[in-house]
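Q: Please take a close look at one part of this model. I would like its contacts and charge pairs walked through in order.

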Amino acid sequence: MANMKAVDFNYYREEYYGDSIPQEEFKKYEKKARAHVSGLTFGKIDVMDVDEDEKVKDCICAIADIIYKNDAIPSAKYGISSESTDGHSVSYGKAKTKEELSDEILSAVQLYLTDSGLLYGGVDICLTAKNW
């Protein structure tokens with residue numbers, strides 16, 4: 001069984017239709033996203049031949065987008081989320097908490113991989129048993 005290759009920027013732009021992550025930053029976010037997917041699939045994407053599985057690639061792209069967008073909010077330059085002129089009250093947006101980010105990532109994994117069998121945490125006889 002071969003390890004799944006990294007999702008490349010061309011797939012991200014042309015097949016997933018992603019437009020958030022700049023090409024020079026894509027590898028970094030693809031790697032982070034792959035680590036999340038690997039963890040949530042119990043390492044199955046690391047040992048299964050899923051190179052051509054579009055659902056897995058799309059999931060990695062979606063999570064890369066989520067992480068990139070969260071990282072793109074610099075702590076010193078949060079966007080204004082609301083403003084009041086009379087009393088001069090300004091509220092700023094902020095990056096998601098770890099819990100919020102984890103929930104969003106889990107939702108993306110479930111969206112793309114629910115019916116793939118990759119989220120099953122039990123023993124898969126076909127992958128683990130050699131002499132049954």
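With which residue does aspartate 115 form a salt bridge, and how far apart are the closest N and O atoms? Please go on from there to helix H4 (residues 54–71).

A: Aspartate 115 pairs with lysine 55, and their closest N and O atoms are 2.8 Å apart. This is a predicted model. The pair links distant parts of the chain. Aspartate 115 sits in the loop between H5 and helix H6 (125–128), while lysine 55 is in helix H4, 60 residues apart. Aspartate 115 is exposed, at 60% relative accessible area. Lysine 55 is partly exposed, at 34%.

Lysine 32 forms a salt bridge with aspartate 71, with 3.4 Å between the closest N and O atoms. Here too the pair links distant parts of the chain: lysine 32 belongs to helix H2, aspartate 71 to helix H4, and 39 residues separate them. Both partners are partly exposed: lysine 32 has a relative accessible area of 35%, and aspartate 71 has 39%.

For contrast, take a pair inside one helix. Glutamate 25 and lysine 28 meet through their side chains in a salt bridge of 3.7 Å, N to O. They are about one helical turn apart, because 3 residues separate them in helix H2. Glutamate 25 is partly exposed at 27% relative accessibility. Lysine 28 is partly exposed at 44%. In total, the structure holds 4 salt bridges.

Aspartate 58 lies in helix H4. Aspartate 58 is buried, yet has no salt bridge. The nearest side chain of opposite charge is lysine 57, 8.4 Å away. A salt bridge needs nitrogen and oxygen within 4 Å, so that distance rules lysine 57 out. What aspartate 58 does have is a polar contact of 2.7 Å, side chain to side chain, with tyrosine 11. Leaving aside residues up to four places away in sequence, aspartate 58 touches Tyr11, Tyr16 and Tyr112.

The largest nonpolar core has 28 residues, and Ile60 and Ile63 touch the most other members. Helix H1 (9–14), helix H2 (23–40), H4 and helix H5 (98–113) each give two or more residues to this core. H4 supplies the largest share, 10 residues. Isoleucine 63 touches Ala33, His36, Val37, Ile105, Ala108 and Val109, again not counting residues up to four places away in sequence. In soluble globular proteins, nonpolar side chains tend to be buried together.

Definitions and conventions
Residues numbered from 1 in each chain as written. Predicted model: local features only at pLDDT ≥ 70, side-chain atom pairs only at ≥ 80, totals over all residues. Heavy atoms only, no water. Helix = DSSP H or I, 4+ residues; strand = E, 2+ residues; numbered from the N terminus. Buried < 20%, exposed > 50% of the residue type's maximum accessible area, 1.4 Å probe, protein only. Lys, Arg positive; Asp, Glu negative; His and termini not counted. Polar contact = N/O pair within 3.5 Å; in protein donor to acceptor, adjacent residues only side chain to side chain. Contact = heavy atoms within 4.5 Å. Core = buried A, V, L, I, M, F, W, Y, C linked by side-chain atoms within 4.5 Å.
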